[in-house]
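Here is a short report on one protein chain. Look at the sequence and the structure first, then read on.

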Amino acid sequence: MASKTTNPFTFLQQVRSETAKVTWPSRRETLISTLMVIAFAALAAIFFFAADQLMAWAIELILQIGS
């Protein structure tokens, strides 16, 4: 497989050209997406905390039955 070498100046031109094609989100879209990620992360944390507490309580209950 032959390797192509690119001039750094040409490479930077290509990068700039490709970056111009990107559709960047607006500030509002970015803010809404960030808030959604934080909200769902908080919900997941609450869910897993509750599930952990419930399983710990159930295991404790089971282990007390045997003694």
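The report below goes from the whole chain to single residues.

## Overall form

This is a predicted model. The protein has two helices and zero strands.

How does the radius of gyration of the protein compare with that of a compact globule of 67 residues? The protein has 26 Å, while such a globule would have a value near 11 Å. The C-alpha trace spans about 75 × 40 × 15 Å along its principal axes.

Buried residues make up 0% of the 67 residues. A residue counts as buried under 20% relative accessible area. The protein exposes about 6,700 Å². Carbon and sulfur atoms supply 70% of that area.

## The annotated region

UniProt places a "transmembrane region" at residues 31–51. That record is an unreviewed entry, and its annotations may be inferred rather than shown by experiment. In the model, residues 31–51 are 100% helix and 0% strand.

## An aromatic pair

Ring centres must lie within 6.5 Å to pair. The count by this rule is one aromatic pair. The partners are phenylalanine 47 and phenylalanine 48, with ring centres 5.2 Å apart. Their planes stand at 70 degrees, so the pair is edge-to-face; the cut-off for that class is over 60 degrees.

Are these two residues buried or exposed? Phenylalanine 47 is exposed, and phenylalanine 48 is exposed too.

## Two residues toward the start

Lysine 4 lies in the segment before H1. Its relative accessible area is 80%, so lysine 4 is exposed. The cut-off for exposed is over 50%. Lysine 4 and alanine 58 are 54 residues apart in sequence. In space, their C-alpha atoms are 63 Å apart.

Phenylalanine 11 lies in helix H1, which covers residues 8–21. Phenylalanine 11 has a relative accessible area of 46%, so it is partly exposed. Phenylalanine 11 and glutamine 64 are 53 residues apart in sequence. Their C-alpha atoms are 69 Å apart in space.

How values were computed: Residues numbered from 1 in each chain as written. Predicted model: local features only at pLDDT ≥ 70, side-chain atom pairs only at ≥ 80, totals over all residues. Heavy atoms only, no water. Phe/Tyr/Trp six-rings, centres within 6.5 Å; stacked < 30°, edge-to-face > 60°. Buried < 20%, exposed > 50% of the residue type's maximum accessible area, 1.4 Å probe, protein only. Helix = DSSP H or I, 4+ residues; strand = E, 2+ residues; numbered from the N terminus. Rg over C-alpha atoms; globule rule 2.2 N^0.38 Å. Areas by Shrake-Rupley, 256 points an atom, 1.4 Å probe, with all protein chains shown as cover.
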